[in-house]
Amino acid sequence: AGSNAARLPAGVVRPSRLLLHSNGRVTAAAATAAVDAQEEAAYRSPDESPAAAAAAATVDAAHQYSYSLGVLLFDLLYAAPGGPAGRFRALAELRQRVMPPAFLQAHPQEAALVLSLLRPEPAARPSLQQLVASELLSGVCEVLLQRRRQLPAPVQDTDSLVFFLQTMHGRKEAEVQQAQAGVAALDAQIAAVEAALRQAQQGGQQQQQQHLAEAAGQQLDVSGAGSSAAAMAAAAALPAAPPAAAMEVDQQRQ
C-alpha cells in the first residue's frame with residue numbers, strides 16, 4: 001500500500017477522480033480530471049497547501065492521503081439532508097472536526113476513525129498499512145457493501161438495452177416523419193379548398209353582373225317598343241290630307 005501511495009499524484013483522492021468498477025475495484029482516474037471547486041475545498045488536505053509543500057515532502061507518503069480518505073469515508077457513510085448544499089455544508093463543518101449528532105449516534109466507531117484520519121499532523125494519522133489491517137475498516141467495508149446491496153441491480157446486458165433504445169429512437173423518428181408528411185398533405189388540401197372557394201366566389205360575382213346587364217337590356221328594349229307604338233297611334237289619329245287633283249279643280253273654280 002505504501003508503494004502505491006507513493007505513486008499517486010497529489011489531489012487524486014476526490015470522488016470525481018475515483019472510478020468504481022462493476023467488480024467493486026476502485027482505481028484512480030487522471031489527476032487532470034475536472035473537480036468541483038466545493039469538492040476540492042472539502043477534500044484538500046492541509047498537506048496539499050503551498051505553504052506545507054516543503055514539509056510534506058519529508059512526510060511518509062502513506063500518511064499524505066489519510067486526511068482525504070477520512071473525508072471520503074465520512075462522505076460515503078453520511079447522507080446529508082438538503083441535497084448538494086447540505087452535503088458541502090456538512091463537509092465544511094467536518095474540516096473543523098465537527099460531525100452531525102445523527103452520524104455520531106449511528107456510527108460511533110467510524111466517527112472515531114474519521115477523526116483520527118483528520119488529525120492536523122500527518123504523522124499522527126493512521127497509515128494506509130494500518131488502515132488495511134484494521135478490523136474497523138473491515139466493518140466499514142461491510143456497511144458499504146450492505147448499502148450497495150440495497151441499490152437497484154445494475155443492468156447486465158447493456159448491449160441489448162442500447163439496441164432497444166436505438167430501435168425505439170428510430171421508430172419515433174419514423175413516426176415524426178409520417179406525422180410531418182400528414183400535416184403537409186393536410187396543408188395542401190386546405191390550400192386547394194381555399195382556392196376553389198375563391199374561384200367559385202369570383203364566378204358567382206361574374207354571373208350576377210351578367211344577369212344584371214341582361215335585365216337592364218331587356219328593360220331598354222321594352223321601353224323602345226312602347227315609344228314606337230305610341231308614335232304610330234298618334235300618326236293614325238291625324239286627318240288625311242286632300243288629294244292633289246281635287247286641290248287643282250278647286251283652284252280653277254275660283
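Hi everyone, let's start in a loop: Arg 97 is found between H6 and helix H7, which covers 101-106. This is a predicted model, so please keep that in mind throughout. The phi angle of Arg 97 is near 60°, a positive value in a residue other than glycine.

Now a step back to the whole chain. The protein chain has twelve helices and two strands. Reading from the N terminus, the order is α-β-β-α-α-α-α-α-α-α-α-α-α-α. Of the 254 residues in the protein chain, 21% are buried. The accessible surface of the chain comes to about 17,700 Å², and carbon and sulfur atoms account for 59% of that surface. Then there is the matter of sequence separation. Taking contacts between residues at least 6 apart in sequence, 58% join residues at least 24 apart.

You will find Val 13 in the loop between helix H1 (2-7) and strand E1 (18-20). With a relative accessible area of 8%, Val 13 falls under the 20% cut-off and is therefore buried. Which residues does Val 13 touch, leaving aside those up to four places away in sequence? They are Tyr 43, Tyr 65, Ser 68, Leu 69 and Leu 72. Take Tyr 65 from that list. Val 13 and Tyr 65 are 52 residues apart in sequence, yet their C-alpha atoms are 7.2 Å apart in space.

Next, helix packing, with H5 as our guide. Two packed helices are described by the angle between their axes and by the distance between those axes.

Let's take H5 with H6. H5 spans residues 66-77, H6 spans residues 83-94, and the two pack at an angle of about 140° with axes 11 Å apart. The crossing of H5 and H6 is right-handed. On the H5 side you can pick out Val 71, Phe 74 and Asp 75, which meet Arg 87, Ala 90, Leu 91 and Leu 94 in H6. Sorted by class, this contact of H5 with H6 has five nonpolar residues, no polar ones and two charged ones.

Now turn to the other partner, helix H8, residues 108-117. How do H5 and H8 cross? Their axes come within 8 Å and cross at roughly 150°. That makes H5 roughly antiparallel to H8. H5 passes H8 in a left-handed crossing. From H5, the contact takes in Ser 66, Tyr 67, Leu 69, Gly 70, Leu 73, Phe 74 and Leu 77, while H8 brings Glu 110, Leu 113, Val 114 and Leu 117. By class, the contact of H5 with H8 has eight nonpolar, two polar and one charged residues.

Technical notes. Residues numbered from 1 in each chain as written. Predicted model: local features only at pLDDT ≥ 70, side-chain atom pairs only at ≥ 80, totals over all residues. Heavy atoms only, no water. Axes fitted to C-alpha atoms, helices over the stretch in contact; angles between N-to-C directions. Helix = DSSP H or I, 4+ residues; strand = E, 2+ residues; numbered from the N terminus. Left-handed = near helix turned anticlockwise from the far one by under 90°. Contact = heavy atoms within 4.5 Å. Nonpolar A, V, L, I, M, F, W, Y, C, P; charged D, E, K, R; others polar. Buried < 20%, exposed > 50% of the residue type's maximum accessible area, 1.4 Å probe, protein only. Areas by Shrake-Rupley, 256 points an atom, 1.4 Å probe, with all protein chains shown as cover. Parallel < 35°, antiparallel > 145°, perpendicular 65-115°, else oblique.
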